[in-house]
Amino acid sequence: MGKIAFVFAGQGAQKPGMGKELAESSKAAESVFMKADEVRNGTMNQCFNSTQEELSETRNTQPCVYTVDLAVAEALKEQGIIPDAVAGYSLGELAALAYADAYSYEDGLKLVSKRGQLMQEASEKHDTGMAAILKLSDEKIEELCQGFDKIFPVNFNCNGQVTVAGDREQLTAFAQIVKEEGGLPRILQVSGGFHSPYMNEAGEEFEKFIAEQEICSTSIPVYSNRTSKEYPADSGEMKELLVEQITNPIRWKTLIENMISQGVDTFVEVGPGTALTKMITRISKDITMLNVCDMETLTETVERIKSNG
């Protein structure tokens, strides 16, 4: 076996009851939820008992998914599974940085809560949305976006899948053009045009907030959504990347390819959902892809890794 990487789930993975079973079975996971409630009272209850609608509000989604991501990672650590490198999808990147000791879990939750609040406020000022475009090349999707002044390619996920963001009215027209070109558009159930210029105001406010926070160099490599490369050691540059991530595209496909080139051959998606698992298996057939979101998948993953170690 080569290197192991944890990849932390992002927005869209949320679901009612997430993390509850792990917290009831793992002391390490439970501890993460307890710490989260000390910073943001009610986080545990939201994860375990709130509705999908409540969880899908960005101000709630981000701190809740962040907490579940880290609870899963700690449950794996409790079982002796430690990654050689980490990455996270959008807000998952903040969980990855916390896991890699760039800041405490509690300070990370403060960052994520502020980020979620600002991104929701920005999305409420514009009628925007997002769509996943399947079956077309990255280049073709970028070309089609150039025909619209309010549609932007934002998430380069894997082969044959790019997410675009923008004005909802133009998004409808764009989806029709995609169909005519042989593509398959899927409108996403999100509240705004994330990772696009529509988030500029959120980025500016987050920059002010993060300037006052302490960030340290990481204890293991963390790969950046913005550059697809390892995070630098300089705290100022780290903060810049987190700010820029809010308004710029995610280069997930290239990021995963770079991790593979550095010897990672086993990926474990940590957190609710399996979206990253589906993406990564489309990026490479030469890796082992696992995921953990509950006790059953935790047991399976630990057994797989230990038997191959």
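Is Phe-152 buried, partly exposed or exposed? Keep that in mind as we walk through the model.

**Before you click.** This model is predicted: local features need pLDDT of at least 70, side-chain atom pairs count only at pLDDT 80 or more, and totals for chains, interfaces and linings use all residues. Residues are numbered from 1 along each chain as its sequence is written, and side-chain values use heavy atoms, with hydrogens and water left out.

**Stop 1: the five-stranded sheet.** Select β7, β2, β1, β8 and β9, which in that order make an open sheet with parallel pairing. Strands are DSSP runs (E, at least two residues), as are helices (H or I, at least four), numbered from the N terminus; two strands pair if DSSP finds at least two bridges between them. At the edges you will find β7 (222–223) and β9 (288–292), each pairing on one side only. Now zoom in on β1 (residues 3–8) and β2 (residues 85–88), joined in parallel by four bridges. Here Val-7 stands opposite Ala-87 in β2.

**Stop 2: the core.** Next, show Phe-6, Phe-8, Tyr-66 and Leu-76, the residues that touch the most other members of the largest nonpolar core, which has 68 residues. Such a core is a set of buried Ala, Val, Leu, Ile, Met, Phe, Trp, Tyr and Cys residues joined through side-chain atoms within 4.5 Å. Buried means under 20% relative accessible area, exposed over 50%, and partly exposed in between (1.4 Å probe, protein chains only). Helix α5 (residues 58–78) gives this core its largest share, 10 residues.

**Stop 3: rings.** Select Phe-8 and Tyr-99. Rings of Phe, Tyr and Trp (its six-membered ring) pair if their centres lie within 6.5 Å; planes under 30 degrees apart count as stacked, over 60 as edge-to-face and the rest as tilted. The whole structure has six aromatic pairs. Phe-8 and Tyr-99 form a tilted one, 5.9 Å centre to centre with 50° between the planes. Phe-8 sits in strand β1 and Tyr-99 in helix α6, so their pair ties together parts 91 residues apart in sequence.

Stop 4: Phe-152 is partly exposed, at 24% relative accessibility, whereas Tyr-198 is buried at 15%.
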